[in-house]
Structure formats: structure tokens, C-alpha cells
Amino acid sequence: GLHATVADHVVYGRIVFPGAGYLEMARAAACASCQSALSGAVLHRVYFMQPLVVSDGLLVACAVDADARRFEISSSLVDGQGEQTVHCAGDAEAVEATSSAFDTLATVAACPHPVDARVLCAGFHSAGLEYGPAFRALDAVWTTRSGAQAAASLRRRSDMQGTQAHPGDLD
């Protein structure tokens, strides 16, 4: 479930649902709500309102309007006690799913300066991001001299945990 998918995304000692997780949840819900040949979704004007600290007894839902144009991700206690909290919302546009070619070699060529991924991860940790194994997918990182653009290689994930794009790979 949700807890297992994000258990390794720890911020200041608490499991916090990653921003990339909201995006994947909204994309999947928008695609599922389309009742046409359109099987993809593009998200626009996404707002993150309130962090979601993952705990037992929490129900997380993604509501998509009838036209799959608006989404809202919220949480509430399973027992119905307490208020519903909205964490993320935005617009979703149904599109035809296509595969786009990504020129990995050109991207890496534009970023010729290697970065030590261990140093990068240590910087994350010092900022309070205590990524566990499922969120440590960086294999190699390259950047431009200015650092304005970067490219990375991720380790292949053997278990997608029910997602098409695992939050640990996007985060």
C-alpha cells in the first residue's frame, strides 16, 4: 500500500508523502477517469498546500471531476473523525498517450561534468531528507559548468509497487 511505497521518504524523522507521489497519483486518476481513447494525462497549475505525514489510519484520496479537468488529493482519518485535509490540487488534461523519444546521449553530452552522487545524497541528508533505500536510485549525475542543467542515471527498479512512475524515481 501507500505506506510501503513511500516509507523511505523521511523528512526530519517523519514519513512525508513526496511531491512526485502526488503527481503520479493525479496522473493515474485522470487517466483512469477518461472514458475515451485518450489514455494519458498532462497536469497543469499544480498546487501543493499541506504536507502529508503518512501514518496508520489515514485515508488518502484523489478526486477527479467528471471531465478529468480538475483533481484534488486529500486525506482524512479512516474512522471519519476529524476534518479532511487537501494536500494537492490542479488541472488535468486528457491526452493521447504517446511514447516520446528522449535523446539520453545528447542530454548527457550537454552535462559533461560528473557529480559525486554520494556527496549529493549527503547534502540531502543534511537538509533533513533522510532517503531510505527505495529513494536512493541515483547511479550517476552530470551537470553543466554553471549547474543550471543536470542529467542523472537511475538504478533499474525491480518493484514498481503498483505505479508506472515510482515516486522515488521522480523525487
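View 1. Confidence in the chain is lowest in α5, at a mean of 73, and highest in β5, at 93. These values are pLDDT, the predictor's confidence in each residue on a scale from 0 to 100. The mean pLDDT of the chain is 83, and 91% of its residues reach 70 or more. Where pLDDT is low, the predicted coordinates should not be read in detail. This is a predicted model, in which local features need pLDDT of at least 70 and side-chain atom pairs count only at pLDDT 80 or more, while totals for chains, interfaces and linings use all residues. Residues are numbered from 1 along each chain as its sequence is written, and side-chain values use heavy atoms, with hydrogens and water left out.

**View 2. The open sheet β3-β6-β5-β4.** Here you can follow four strands, paired antiparallel, in the order β3-β6-β5-β4. At its edges are β3 (40-48) and β4 (58-64), each pairing on one side only. On average, neighbouring strands are turned by 25° against each other, direction ignored. Six bridges link β5 (residues 70-77) and β6 (residues 85-95) in the antiparallel sense, and Ile73 stands opposite Cys88 in β6. As for terms, strands (E, at least two residues) and helices (H or I, at least four) are DSSP runs numbered from the N terminus; two strands pair if DSSP finds at least two bridges between them.

**View 3. Helix α2 across the sheet.** Helix α2 (residues 19-33) lies across β3, β4, β5 and β6, and runs at about 135° to β3. Angles run from 0 to 180 degrees between N-to-C directions, with axes fitted to C-alpha atoms, for helices over the stretch in contact. With 15 residues, α2 reaches 21 Å from its first C-alpha to its last, close to the 21 Å expected at 1.5 Å a residue; the expected span is 1.5 Å times one less than the number of residues. Which residues of α2 are buried? They are Ala20, Gly21, Tyr22, Glu24, Ala26, Ala29, Ala30 and Cys31, where buried means under 20% relative accessible area, exposed over 50% and partly exposed in between (1.4 Å probe, protein chains only). These buried residues pack against β3, β4, β5, β6 and α5 (167-170).

**View 4. Phe71 and the largest nonpolar core.** The largest nonpolar core has 16 residues, and those with the most contacts inside it are Phe17, Tyr22, Phe71 and Ile73. Such a core is a set of buried Ala, Val, Leu, Ile, Met, Phe, Trp, Tyr and Cys residues joined through side-chain atoms within 4.5 Å. Two or more residues come from each of α2, β5 and β6, and α2 gives the most, with four residues. Not counting residues up to four places away in sequence, Phe71 touches several residues, including Ala26, Leu43, Cys62 and Cys88; contact means heavy atoms within 4.5 Å.

View 5. Strands β8 (residues 138-143) and β9 (residues 150-154) run antiparallel, joined by five bridges. In this hairpin six residues lie between the strands, and Gly147 in the turn has a positive phi of about 80°. Thr143 has Ala150 in β9 as its bridge partner. Thr144, in the loop between β8 and β9, counts as buried because its relative accessibility is 15%. Beyond four places in sequence, Thr144 touches Ala110, Cys111, His113 and Gln149. Thr107 lies in helix α3 (residues 104-110) and, at 19% relative accessibility, also counts as buried. Thr107 and Ala150 are 43 residues apart in sequence and 8.4 Å apart in space, C-alpha to C-alpha.
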